[in-house]
Amino acid sequence: MQKGSENQATSDESAALHELIRREIESRGPITFARFMELALYHPDHGYYERALDQIGRRGDYYTSVSVGSVFGKLLAVDFSARLEKLNSAGFDLVECGAHDGTLAADILTATKTARPDLYAKLRYVIIEPSPKRKAAQRMNVSEHLDRVSWCQAIDELGNGSVHGVVFANELLDSFPLHRLRWSRQQRQWHEDGVGLDGGRFVWVDMGGFGGTPRTGGPDEAAEADSDWRAICATAQALAEVLPDGFRLDYCPGAARWWRKAATALAKGALITIDYGLTREELFSPHRQNGTARAYCRHTVDDELLEMPGEKDLTAHVDFSALIEAGEAQGLVTERMVDQATYIMRILQHSGELLNSALALTQRDRAALLTLAHPSGLGRAFRVLSQVHGG
Ligand SMILES: C[S@@+](CC[C@H](N)C(=O)[O-])C[C@H]1O[C@@H](n2cnc3c(N)ncnc32)[C@H](O)[C@@H]1O
């Protein structure tokens, strides 16, 4: 058993969550970190994302490109409009997942209405949102566009080949539950670090060898399900002579599964994610030997992942190689993966005129652009992966 950190609860809600997780471990034994993270972030009453929606921005725990200002939504609106126009369809879909309080949706809809009223008139904006509380907040923020917006609870509800347009997510996949794995050099296999109890405190426990996660779908789930796990094992075996004992990998099976479902929903158009993440090669680099899982609280970052469940955001870098492979297995073609700075520069180069004229970028927008694109801001750490379908 490894030593855990002090993980005292600091609020009534956090205390309730702490108690709930403690009881689950007492009755079932140690739980995976994926289960701990699911409860800490998404428990319907006490989870971090189910409390007040003020986690993001200056008064919250971290910034996103959306909280920097509405210019991010304007940029996406311009990129998406160019894509929709090329589709030459009678109607277009924009599908957003991880819409949080609906700010980005409102920014994109307002910018599209202003710059391209012709496309706006043919638009169906779908938000994928499992939480009734967040749906209510989103509904308020998009109140001026309710005739364009509808909601689904899960990406599967879209139906195969039903989307003509763009399916996208900003900082969604980094918040999916993950398994904390540790390489045993002697046994040449991965072990899973789960969460146990030591006198009421959460501590890390070795749960033994990890062989992948159980299938979530029925018999019709694609044969290539969890090919990301097989690729991770193959990479580890290929590096077995040099991979240090105890090397950590934070494995998130849900990300590639989500991507696969989103790819299936697309008939024509693009699947896009904007997030911090790495290729598989980068995830295995020597300076990543402690993994990438982190906790955010009040704009400080640490790796005390078991501390104060429900009060901290828990997150890890996305495995972009897994997404690329999952999309290509579903017939998508990888358009590009670039850092956010390059993505923004391309939009400015191709559509700067539209942004300046119809969207009338303000001084504030221009200052925000610097934060979004500068390498020391969000420009280098964030990457944009786009895959396309249907030409
Ligand atoms: C980091 S926040 C996203 C921030 C937001 N997109 C922005 O840019 O400000 C992640 C959001 O994804 C939501 N989320 C997590 N899992 C989800 C899922 N399976 N479907 C839809 N939303 C999900 C969370 O509740 C949270 O609101």
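Domain bounds in these views come from an automatic or database domain assignment. The model is predicted: local features need pLDDT of at least 70, side-chain atom pairs count only at pLDDT 80 or more, and totals for chains, interfaces and linings use all residues. Residues are numbered from 1 along each chain as its sequence is written, and side-chain values use heavy atoms, with hydrogens and water left out.

**View 1. The two domains of the protein.**
The C-alpha centres of domain 1 and domain 2 are 29 Å apart. Domain 1 is made of 12–59 + 175–208 + 225–257 + 279–319, and domain 2 of 71–168 + 332–389. In the contact (heavy atoms within 4.5 Å), nine residues come from domain 1 and eight residues from domain 2.

**View 2. The area between the domains.**
The size of an interface is often given as the accessible area lost when the parts come together. Buried area here is the accessible area (1.4 Å probe) that two parts lose on being put together, summed over both. Between domain 1 and domain 2 about 710 Å² is buried, and carbon and sulfur atoms give 49% of this.

Two salt bridges are counted between domain 1 and domain 2; a salt bridge is a side-chain nitrogen of Lys or Arg within 4 Å of a carboxyl oxygen of Asp or Glu. E282 and R383 form a salt bridge in which the closest N and O atoms are 2.9 Å apart.

The ligand is surrounded by 17 residues (a heavy atom within 4 Å), and the closest are T64, G98, H100, R134 and N170. Both domain 1 and domain 2 give residues to this shell, so the ligand lies between them.

**View 3. Side chains at the ligand oxygens.**
A polar side-chain atom of N170 is 2.5 Å from an oxygen atom of the ligand. For R134 the distance from a polar side-chain atom to a ligand oxygen atom is 2.8 Å, and for H100 it is 2.9 Å.

Conventions
Polar contact = N/O pair within 3.5 Å; in protein donor to acceptor, adjacent residues only side chain to side chain.
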